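Welcome! Take a look at it first, and then read on.

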Amino acid sequence: MAMGASSAKAVEEAADGAGDGEDGAQLRRRLGRADLRAVPEVRRALRELLRHWGGPGCSETAELLTSELVTNALIHTDRDAVLTATVGPHGLRVEVRDFVGRRPRLRLPDAGDGTHGRGLVLVQSLADAWGVRAHGVGKAVWFELDGGAVS
């Protein structure tokens, strides 16, 4: 993909039948370097993917946590990133891969620090599982939500 205006455009793939079958539905987007316009675009695309998924409030939580991961990747790396959201039989998995090896730090927000420092605290508090894994060049930060599924 060429850099420039087209890099701000997202590549989106959505499978038919959200939640059907073993693979479920997937959203994949390439996020342009420092393009914060991608945050509301990703929220809208995720909302569409999750329109028939999860219990009350689940898709809103997924949108919030996804916004945090996308924003962190775009602000703290100054590089492109790739978002993958997959709905499967056991819930939702969202992963944001960037191309910088520096791992994010979970830190307690400072009351005088405005809105900074809360993203990973929200992810830790609201996700059923989350983590960071090395990924070749860079890392992937991910979370999972079960969508209120009863086992």
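In this predicted model, the side chains of Ser-59 and Glu-60 make a polar contact at 3.4 Å.

**Around Ser-59**
- Ser-59 is part of helix H3, which covers residues 58–77.
- With a relative accessible area of 16%, Ser-59 counts as buried, because the cut-off for buried is under 20%.
- Once neighbours within four places in sequence are set aside, Ser-59 is in contact with Leu-50 and Trp-53.

**Strands E1 and E2**
- Strand E1 (residues 25–31) has side chains that alternate between two faces.
- E1 runs antiparallel to strand E2 (residues 81–88), and seven bridges join the two.
- Across from Arg-29 in this pairing you will find Leu-83 of E2.

**Helix H2**
- The twelve residues of helix H2 (residues 38–49) reach 16 Å from first C-alpha to last, close to the expected 16 Å.
- The buried residues of H2 are Ala-38, Val-39, Val-42, Ala-45, Leu-46 and Leu-49.
- These residues lie on the same side of H2, because they cover an arc of only 130 degrees around the axis.
- In an α-helix there are 3.6 residues a turn, so residues three or four places apart point the same way.
- E1, H3 and E2 are among the elements that cover the buried residues of H2.

Methods. Residues are numbered from 1 along each chain as its sequence is written. This is a predicted model: local features need pLDDT of at least 70, side-chain atom pairs count only at pLDDT 80 or more; totals for chains, interfaces and linings use all residues. Side-chain values use heavy atoms; hydrogens and water are left out. Helices (H or I, at least four residues) and strands (E, at least two) are DSSP runs, numbered from the N terminus. Buried means under 20% relative accessible area, exposed over 50%, partly exposed in between (1.4 Å probe, protein chains only). A polar contact is a pair of N or O atoms within 3.5 Å; within protein, one must be able to donate a hydrogen and the other to accept it, and residues adjacent in sequence count only if both atoms are side-chain atoms. Contact means heavy atoms within 4.5 Å. Two strands pair if DSSP finds at least two bridges between them. The expected span of a helix is 1.5 Å times one less than its number of residues. The arc is that of the directions from the helix axis to the C-beta atoms.
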